[in-house]
Amino acid sequence: MVEDGEFLNRIRSLLKIYPRGLTISEISQRLKCNRNSVAKYLEILQISGTIEMQQMGAAKVFYLSHRVPLSSLLGFTKEGILVLSSDGRIIQVNERFCRMFDQDNSTVTGMSYDILSDEILNAFHFDNFLRSDSESEHTAVVTFSKYDWRRFFKVKYLKTALDNGRSGLTLIIEDVTLETEMEERLRISEARYRGIVEDQTELICRYDKDGIITFANGAFCRLFQLNQTEVPHHSLFDFMTPHVVQLVREGIGACSCQSPVFETEFEFVLPSGSYRWFHWVNRMLTDENGAVIEYQGVGRDITDRKRSELELLIKSHAMDSSIVPIALLSLDGCITYVNKAFLDLWGYNNLNEVLELPFDNFAKGDNFSLPDIVHEQNNSRSPEPSFEVEGVRKDGKKMHLSVTISGVYDEGKNSICHIAYLYDVTHYVQMVRELEIKDTAIAHSYEGMAIITPDDVIMYANPSFKRIFSRVPEGTIIGRSIEWSLSFYPQIIGSVPDIRAALMEKGNYTRVFSDIDDKNLPFVIQVHLSRVLDRYGLHLCTLISVLDITNQRAIEESLALMVDQLEGTVEQMGDPTFIISRERVVVAWNEAMETLTGLKKREIIGSQSYKDLIKTHVPSLPVLVDLFDLPPKELIQVFPQVSRVGNSFYTEAFVPAFHNGKGTYVWAKASPIIDTSGKVIGYIQTIKDMTNWKRAVESVVGKSIT
């Protein structure tokens, strides 16, 4: 019987003679064998790739294959190839396989695979696949370990038909160590990345241009109360206000390959309906061709920062709009910021005019030293001190200021800067000074003054008030009712109801009272009370002023008595006589003056028209009572006819109109009226008819009167 291998060779030889091919029948006739056997061997050769078949009508034509034999290609492939027969012999092995596993081609070819190393046998399990009935290919990744290194191979197991028609096993082995390690690294990297992304407190998500979310990390899901399965059903824009959606869409539209990132800040709307601020960084993700794949957003919660910024803005606005001048100072005492009130206080228009200037340039005082204050605050955390200092505005105007210095500290209690509050107390200082002057003046006033509260209690009384009301026990006036104090003066206490009524009706009351002092001597006081109301019409207090006029009243009475006596004396005088006061007011006018001037005393007393009357009736006679205030030199120059003897003035004149036109000589005298203290209180002038005396003198000397 012909061996299968020999018959296969005969078929190949026959087809070489007929390169255009033969049918099954033609081959059967030429080889003189059964047609079915020929068909079987042709199928084996066709499977092995030795021959090819072409259908021509109903006939099948077979011819030798023009393909390159597999054995010729084995040396050019990068994969290692091992071909085993069904009985486990190594039919063929390429050079790549030998280099992979440190084998010699000539040594292993034709030998059983059992001669291969244990590492190879354990890795590839040849026997399992040789005994397998499955005709399909199988692919596996195996691990090859030797010494201290490990490699990974991708192995494809192929059932193979050999040239002799027997089956075998072909192993195509690819070294995938690098790819496997890279995949492992990538897997680890992805796991790490996912762990990092999932553990991030920032929101991380990816979405398309319409905002549909393709991925969201745990922080995003927790914030918006989503699970991973729900994420693809939501749009990022679902959690934004329309204004923010428009803002993000515009940012997405502005992205390009040259500028793939845009940043913005906005508020997310949370499921609870509340809002939180996020700093959002968007990045456009593209493929290698620059086509947009999706967008990635990373959001950091800045709600606390925004609230702090808002609080800072409010505080800054409050500081800027404060009417209190405020300055921030560095640790060395230089100005770093001032508000508008500070600039207005010192007369500056621009912040740059005062920045970096030492604060001592503005506030100076004997007990004020900024370095000492700062040092003391830093060491002892002492309370905020206030100082009275002086300052000079830009225009040179001086001011009085109250300055309060406060330290600003960080969370570690370290001093950051200092803040100074200034208060213009110039008006206050002036008021205090004026009050001190007034208080001192009131305290030293001869007039007694007291302040009475609305419930009639004396809250203040100056020394003169206590002196005048000396019958009140020492030290008991202040804090006691005014009625209790006046109860020591029977003549005054009885008028209290009238005083109250007058104050309620008119708001003031004035009267002169007489009583007995602490020495049982009569004394006279003039009392004035007035109600003081605030700007709302409420009763603040009652002011009472008391003047001791005992001596004045005695003087007035003495003066009145003296005037009465003078008037009586003047009336008894036969010569025209009149008296004027120091203010040049007529106080006495006798009957002789009425006869001389024709003006009755009731018409002239109390007036100052005596000068015109005398000039009218005695034009040549000077009004002597008006000459006492003239300087001596002027008196001599203007009135040479007037003589002065002691304190009196004398003159004489001829009046042609008197005695029915015959003329009359008159003589006039004026003297000052002096009280007991030597003070001039008035003047008296007398006009005397000297005609008879003049004629007697002329007759004696033998002269006639012409």
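1. In this predicted model, the charged end of K40 sits over the ring of Y41, at 5.7 Å from the ring centre.

2. As to the overall make-up, the protein has 706 residues, of which 36% count as buried, and its secondary structure comes to 25 helices and 29 strands. Among the contacts in the protein with a separation of 6 or more, 38% are accounted for by residues 24 or more positions apart.

3. Helix α2 spans residues 24–31, and its buried residues are I24, I27, S28 and L31. Seen down the axis of α2, these buried residues fall within an arc of 100°, so they line one face of the helix. The spacing can be read against a general rule: an α-helix has 3.6 residues a turn, so residues three or four places apart point the same way. Just after α2, K32 takes a positive phi of about 55°.

4. A further open sheet is made of 5 strands, which follow the order β5-β4-β8-β7-β6 with antiparallel pairing. Its edge strands are β5 (90–93) and β6 (138–146), each of which pairs on one side only, and the twist from one strand to the next averages 25°. Inside this order, β7 (residues 149–161) and β8 (residues 167–175) run antiparallel and are joined by 9 bridges; across that pairing, Y157 stands opposite L171 in β8.

5. The aromatic residues deserve a separate look, since rings whose centres lie within 6.5 Å are taken as pairs and the count by this rule comes to 29 aromatic pairs. For F101 and F153, the ring centres are 5.0 Å apart and the planes stand at 45°, so the pair is tilted. This pair links distant parts of the chain, with F101 in helix α5 (residues 95–101) and F153 in strand β7, 52 residues apart. F101 and F153 are both buried, and they belong to one aromatic cluster that is formed by F97, F101, Y113, F124, F126, F144 and F153.

6. Strand β19 (residues 448–452) pairs with strand β20 (residues 458–461) in the antiparallel sense, over 3 bridges, and A450 has A461 in β20 as its bridge partner. The two strands β19 and β20 form a hairpin with 5 residues between them, and in the turn D456 has a positive phi of about 70°.

7. Helix α23 (residues 610–617) has Y610, L613 and I614 as its buried residues. Viewed down the axis of α23, the buried residues fall within an arc of 95°, so they line one face of the helix. The face turned away from that buried side carries D612 and T616, which are exposed. The cover over the buried residues of α23 includes β24 (577–581), β25 (586–589) and α22 (601–604).

8. Lastly, K694 lies in helix α25, which covers residues 691–701. Its relative accessibility is 23%, and K694 therefore counts as partly exposed; the value is to be set against the limit for buried residues, which is under 20%. The C-alpha atoms of K694 and Y665 are separated by 7.5 Å, although these two residues are 29 residues apart along the chain.

Key: Residues numbered from 1 in each chain as written. Predicted model: local features only at pLDDT ≥ 70, side-chain atom pairs only at ≥ 80, totals over all residues. Heavy atoms only, no water. Buried < 20%, exposed > 50% of the residue type's maximum accessible area, 1.4 Å probe, protein only. Helix = DSSP H or I, 4+ residues; strand = E, 2+ residues; numbered from the N terminus. Arc of directions from axis to C-beta. Contact = heavy atoms within 4.5 Å. Pairing = 2+ DSSP bridges. Axes fitted to C-alpha atoms, helices over the stretch in contact; angles between N-to-C directions. Phe/Tyr/Trp six-rings, centres within 6.5 Å; stacked < 30°, edge-to-face > 60°. Lys NZ or Arg CZ within 6 Å of the ring centre and 35° of its normal.
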